[in-house]
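Good morning, colleagues. Please bring up the sequence and the model.

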Amino acid sequence: MSPTSLPTHRRIAAVLVLIPTLVALALWAFAWPAARTAPRDLPLGVAGPPAATAPVAERLEQREGAFDLHRYADEAGARDAIKDREVYGAVVVTSEGLKLLTASAAGPAVAQLLQQAVAYQAAASGQEIATEDVVPAPASDPRGAVLSTSVLPLALAGIGAGVAVTLLGLRGLVAVGALAGSAALVGGVAAALSHSWLDALPGNWWAVAGTFALATLAVSGAVAGLAALLGRPGLGLGALLMMLIGNPFAGAASAPEMLPEPAGVIGQWLPPGAGVSLLRSVAFFDGASAAGPALTLTWWAVLGLGTVLVGHAVRGRTAPATHTADREPALAG
């Protein structure tokens, strides 16, 4: 049944229900994580002799559920852990006093939070603390604004490609080729702007471009795949999933561990969140901890493109049976 065949009062009622529902969903998806941002089992290192670090660890653990403490024998071990993205920072106990190691490239908001939290703990014990940024954000973008704001354009690019391929009637290998080509061009353009021009995402240019491309392909493949299976309603479902769930749950402005549960976990299983994590790894940490998000993006891309290849064939086989079922009452009459 076509929507235009419904009575006017039902169409008006649908608009009156649909728009407020979408607004409520958008406000929940974006406002809830922002309003509940706080550390939740945030990986943090404590380095030094066990006897010296015990009081520091005890004070940090007083903030129940805030930090997931990792213990290291010395400062060198803590530095390696930060560079390997095992922890976001570390408190080092030295003979001269306390020292805080941070990595603003892993999230400027997290580095600032650690400075505030550890400085408060040090002040409570009458100690001073020195701070060193082990993996700093680039001087051209100290707040990480380019990376955090890249989530929305990438999601829009992927959704737009999936919608375009579907509405233009492209199918099979032609559709897959169009999606892959579009993603590759998006990756090149995004890297040219963020890496070459703004100098906000250093690291290997091809790795940055490849990450942008893979993230876009994961989104566009998912949207087009859902459309191939469900028809045009699949476009809406894919867009809502990527835009209203994947985008705000990505943790791009802070970190997944700063979002309320289970938003951070869900976000990392969706392409926008996995794309941000992979981009941080290749741009600032020489690819450390890149395997997980890379596999997540690849899984979405392969599954989506595979569905594009077979989805129309599956719908084509089920369509005649549906039409026959629709005609049976008329024939019986």
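At what angle do helix H7 and helix H8 pack? H7 (residues 172–197) and H8 (residues 205–230) pack at an angle of about 140 degrees, and their axes are 7 Å apart. Axes here are lines fitted to C-alpha atoms, for helices over the stretch in contact, and angles run from 0 to 180 degrees between N-to-C directions. H7 and H8 are therefore oblique to each other, given that angles under 35 degrees count as roughly parallel, over 145 as roughly antiparallel, 65 to 115 as roughly perpendicular and the rest as oblique.

Two remarks on provenance. This is a predicted model, in which local features need pLDDT of at least 70 and side-chain atom pairs count only at pLDDT 80 or more, while totals for chains, interfaces and linings use all residues. Residues are numbered from 1 along each chain as its sequence is written, and side-chain values use heavy atoms, leaving out hydrogens and water.

I turn to the sheet. It is open, with 5 strands in the order E2-E1-E3-E4-E5 and mixed pairing; strands (E, at least two residues) and helices (H or I, at least four) are DSSP runs numbered from the N terminus, and two strands pair if DSSP finds at least two bridges between them. At the edges lie E2 (67–72) and E5 (129–133), each pairing on one side only. From one strand to the next, the twist averages 25 degrees.

E4 (residues 97–102) pairs with E5 in the parallel sense over 5 bridges. Leu100 has Thr131 in E5 as its bridge partner.
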